[in-house]
Amino acid sequence: MMTEISVSPLKEGLPFGRRVRGVTMAATEDAQTRDTLKNLFVEHGVLLFEDMDPSDALQVAVSNVFGPLKEHPVKNLSRVDADAYPGVVKIHSPGGSGGLVSIGTKQLSHWLPWHFDHAYNDELNYAGVLRATEIVPEGGLTGFTDGVALYEAFPKDLLAKIEGKTIIYTLNVQYETMRFGKPDDFAVLRSKPVPAGFADDVARMPRALHPAVWTRDTGRRCSTSARGCARASSAWKTPRVTPCSRR
Ligand SMILES: [Fe+2]
């Protein structure tokens, strides 16, 4: 029997995304509900789960609806529970630590350009399931978009330039050496600390090549062209014409 979940648009007028309420552990174990969630993801690209038990166990159960956990390629990121939940990492930036930048007059901690996760890895993840365990009182915004909606919103002249092109990504999130994605009025106020062993992670991973535009199983065209971690592409002449979105 299908468990009770309710589905509504993420935001009126947005071409992607759905809000899903009422997902419980029992719902994640119900075959019909699992199929509903998988189909919603394929159709709408971004799902926002609301009113859930904020536990690691339920977060992982939701993730398992969409596929098995993928080990995170960066060995030196802290894990929530490496034995119970392989690949589930904890990202945190306590006040006064981490990278600090300014964009115009605004100071931002732990800023990153638009990117898709695991871009620097040869094997992409099917989906990421993220949960905020502690929310800062101000800012703390993370933007999400959908590759199909991105493709459809792309200016056609720029799309023509990236069709059939490959983008090279490497594991580089240091502001000083990031090649693409920095706004014109960007300045580094404090460098990102480099975690112990991070250089080993970088050395272990060869560059990754991903198509700028590709076709999903549904036949819909999709773009995952993004500047974060990008090193080069024959589609991009200079950083100024880098064709991708920004948050
Ligand atoms: Fe990310």
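How many bridges join strand β4 to β7? Four of them do, with β4 covering residues 100-103 and the two strands running antiparallel. Residue numbers start from 1 along each chain as its sequence is written. Keep in mind that this is a predicted model, where local features need pLDDT of at least 70, side-chain atom pairs count only at pLDDT 80 or more, and totals for chains, interfaces and linings use all residues.

**View 1. A three-stranded open sheet.** The strand order is β5-β4-β7, with antiparallel pairing (strands pair if DSSP finds at least two bridges between them). β5 (106-109) and β7 (186-190) sit at the edges with a single partner strand each, so one side of each has no neighbour in the sheet. From one strand to the next, the twist averages 30° (axes are lines fitted to C-alpha atoms, and angles run from 0 to 180 degrees between N-to-C directions).

**View 2. A bridge between β4 and β7.** Zoom in on Leu100: its bridge partner in β7 is Arg190. Strands here are DSSP runs (E, at least two residues), and helices are H or I runs of at least four, all numbered from the N terminus.

**View 3. Where domain 1 touches domain 2.** Domain 1 spans 1-68 and domain 2 spans 69-241, with bounds from an automatic or database domain assignment. Their centres, taken over C-alpha atoms, are 24 Å apart. The contact takes 16 residues from domain 1 and 15 residues from domain 2 (contact: C-beta atoms, placed from the backbone, within 7 Å). On the domain 1 side, α2 (31-44) and α3 (56-66) each supply at least two residues, and α3 gives the largest share, six residues.

Technical notes. Two residues are in contact if their C-beta atoms, placed from the backbone, lie within 7 Å.
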